[in-house]
Amino acid sequence: MRVFLIAVALLTSTTAIAAEEEVHAPNQDWSFEGPFGVFDRASLQRGYQVYREVCAACHSMDYMYFRMLGQEGGPFHDEDYPNPNDNPVIKALSAEFQIEDGPDDLGDMFMRPGQTSDRFPAPYPNDNAARAANGGAHPPDLSVIVKARGGGADYLDALLTGYEEAPEGEEPPRAGLYYNEYFAGHWIAMPPQLTEGRVTYEDGTEATPEQMAEDVTTFLAWASEPHMETRKRMGFGVIIFLIILSGLTFLAYKEVWRDVEH
Ligand code: HEC
């Protein structure tokens with residue numbers, strides 16, 4: 001009996017701790033949710049700008065190639081350029097970066113402007129350099145972060161705008177951590193990033209922290225699943241096909257059994 005009571009006490013106390021730790025991100029309406037949801041193109045473009053000008057200083061996106069920005073469903077897709085490698089916008093975006101290439105004839109590595117076939121360059125040469133520059137914490141790769149975290153887009157959006165004063169009596173476990181309502185354990189090594197006007201949007205949209213968080217979240221949700229729109233369209237086509245096929249099968253059945261007693 002005593003063992004049973006201890007077990008119950010332990011269980012209830014751990015669930016109480018878990019409940020206290022876990023703050024659920026508020027549920028938001030995203031343009032890309034639901035069976036017909038598509039990415040808001042203007043928001044994707046602004047989100048790319050936020051990633052490039054803010055997040056890329058610390059976070060890599062190893063699975064992204066510049067040409068993907070111009071593929072069907074991508075932020076800068078243009079019908080006139082079915083092959084994104086020919087798209088002048090994508091060429092210009094790539095050329096804004098310096099990429100290490102080589103070795104040349106003398107065996108030396110050299111820098112050259114980016115091409116559409118290049119990956120997004122990483123901010124640090126390796127994980128240890130990334131940790132050393134961020135007080136021991138590793139900024140995770142953002143390629144599939146929206147799929148990699150429970151809560152997905154809602155969590156990311158809430159995290160980016162979730163910095164606040166630590167409640168009375170809460171102390172950081174070590175220096176260089178910031179209190180964030182939505183981060184597991186609350187103390188995060190990433191300083192608040194999205195301060196008012198941190199970027200100047202090329203399309204004139206006002207860069208409030210909420211707007212920037214929404215845009216970069218949309219961009220990262222697309223990066224996590226760049227073929228989402230094609231997948232949904234195909235799924236819809238398949239359903240229509242199956243409905244028509246069922247109808248035809250039923251009519252064929254009627255026809256075949258028309259004069260047969262059954
Ligand atoms: C100054 C460097 C820096 C910048 C700039 C930065 N981050 Fe971070 N980020 C970090 C570090 C360090 C961590 C790891 C935090 C930890 O583990 O405590 C992190 C963690 C994260 C995480 C993971 C949180 C989790 O649940 O584990 C996400 C998502 C994230 N950053 C998104 C972003 C986005 C989006 C931007 C751009 C708006 C951005 N970061 C800009 C340093 C940075």
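## Fold and overall shape

Helices (H or I, at least four residues) and strands (E, at least two) are DSSP runs, numbered from the N terminus. From the N terminus on, the protein chain reads α-α-α-β-β-α-α-α-β-β-α-α. That order holds 8 helices and 4 strands. This is a predicted model: local features need pLDDT of at least 70, side-chain atom pairs count only at pLDDT 80 or more, and totals for chains, interfaces and linings use all residues. Residues are numbered from 1 along each chain as its sequence is written, and side-chain values use heavy atoms, without hydrogens and water.

The radius of gyration of the protein chain, taken over C-alpha atoms, is 25 Å. A compact globule of 262 residues would have one near 18 Å, by the rule of 2.2 Å times the number of residues to the power 0.38. The C-alpha trace spans about 85 × 80 × 45 Å along its principal axes.

## Iron site

His59 (NE2) and Met190 (SD) coordinate the iron atom of the ligand at 2.0 to 2.1 Å. Donors are N, O and S atoms within 2.8 Å of the metal (3.2 Å for Na, K and Ca); water is not among the atoms, so sites may look incomplete. The 6 donor atoms around the iron atom subtend angles of 85 to 178°, which makes the arrangement octahedral (six donors, opposite ones over 155 degrees apart and all others between 65 and 115).

His59 and Met190 link distant parts of the chain, 131 residues apart. His59 sits in the loop between α2 (41–53) and α3 (88–95), Met190 in the loop between β4 (187–188) and α7 (209–224). His59 counts as buried at 10% relative accessibility. Buried means under 20% relative accessible area, exposed over 50%, partly exposed in between (1.4 Å probe, protein chains only).

## Aromatic pairs

The whole structure has 13 aromatic pairs. Rings of Phe, Tyr and Trp (its six-membered ring) pair if their centres lie within 6.5 Å; planes under 30 degrees apart count as stacked, over 60 as edge-to-face and the rest as tilted. Phe36 and Phe236 have ring centres 5.3 Å apart and planes at 75°, so the pair is edge-to-face. This pair joins the loop between α1 (2–21) and α2 to helix α8, 200 residues apart. Phe36 is exposed at 61%; Phe236 is partly exposed at 44%.

## Glu229

Glu229 lies in helix α8 (residues 228–256). Glu229 is buried, with a relative accessible area of 10%. Leaving aside neighbours within four places in sequence, Glu229 is in contact (heavy atoms within 4.5 Å) with Val38, Phe39, Arg41 and Gly73.

Note on methods. Four donors count as tetrahedral if all angles lie between 85 and 135 degrees; four count as square planar and six as octahedral if opposite donors are over 155 degrees apart and all others between 65 and 115; anything else is irregular.
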